[in-house]
Amino acid sequence: MTAVTEDVLEIRRVIDASPDAVFDAWTTPELVEAWWGPHGYRTRVIELDAVVGGHFAFQMTAPSGASCPMSGTYTKVERPRRLAFEVAEHCIADVPDDVREPSGPSQVEIRFEANGETTEIVLRQKGLAADYRMLANGGWSQSLERADEVLRRA
């Protein structure tokens, strides 16, 4: 389920795994590389230091072959309930010409809520222009779908 308010994107997705396993999928480089990005994208983790003040840097490659960096800083790390980070550099590979690229950082907060044998992810992102926010909605939705697939195989 997705909710887009004036300046906040919120996505909810139930993952068939424990909060610990889902949290690990967000903080373990090999797992991040297996699911991060929309369908057809590949992600290579350059840096991932999931501590408050730690940085992440990914290199994402679109199906067209276009490549872009994505990087930021972790602002909250509360295993296995919450993870938050500021995205300083947004991936803009293959962004349509009529979509404004982000001109500043955005803030992402993810809550991992246990629900029996599953985990509900509540992802909120703010700080994006409306047109880019719609792209981010598709990207996050596809990424979370891929994360669910990866965790089901684990």
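Reader: Why is the pair Cys68 and Cys91 called a disulfide?

Author: Their sulfur atoms sit 1.7 Å apart, and a disulfide is a pair of cysteine sulfur atoms within 2.5 Å, so Cys68 and Cys91 form one. Bear in mind that this is a predicted model, where local features need pLDDT of at least 70 and side-chain atom pairs count only at pLDDT 80 or more, while totals for chains, interfaces and linings use all residues. Residues are numbered from 1 along each chain as its sequence is written, and side-chain values use heavy atoms, with hydrogens and water left out.

Reader: What makes the disulfide of Cys68 and Cys91 left-handed?

Author: The torsion about the S-S bond is about -50°, so the disulfide is left-handed. The pair links distant parts of the chain, 23 residues apart: Cys68 is in strand S5 (residues 67-78), and Cys91 is in the loop between strand S6 (82-89) and strand S7 (106-115). Strands here are DSSP runs of E with at least two residues, helices are runs of H or I with at least four, and both are numbered from the N terminus.

Reader: Are Cys68 and Cys91 buried or exposed?

Author: Cys68 is buried, and so is Cys91; that label takes under 20% relative accessible area with a 1.4 Å probe, protein chains only (exposed is over 50%, partly exposed in between).

Reader: What makes a space a cavity and not a pocket?

Author: On a 1 Å grid over the protein atoms alone, a cavity is a set of points where a 1.4 Å probe fits but cannot get out, whereas a pocket is an open set with protein on both sides within 12 Å along at least five of seven lines. Lining residues have an atom within 4 Å of a point.

Reader: Why does the lining of the largest cavity count as seven nonpolar residues?

Author: Trp26, Trp36, Phe56, Phe58, Tyr74, Leu83 and Phe85 line the largest cavity. Ala, Val, Leu, Ile, Met, Phe, Trp, Tyr, Cys and Pro count as nonpolar, Asp, Glu, Lys and Arg as charged, and the others, Gly among them, as polar, so the lining has seven nonpolar, no polar and no charged residues.

Reader: Which element gives the largest share of the lining of the largest pocket?

Author: Helix H3 (residues 130-153), with eight residues. That pocket has a volume of about 440 Å³.

Methods. Points joined across faces, edges and corners; volume = space filled by probe spheres on them.
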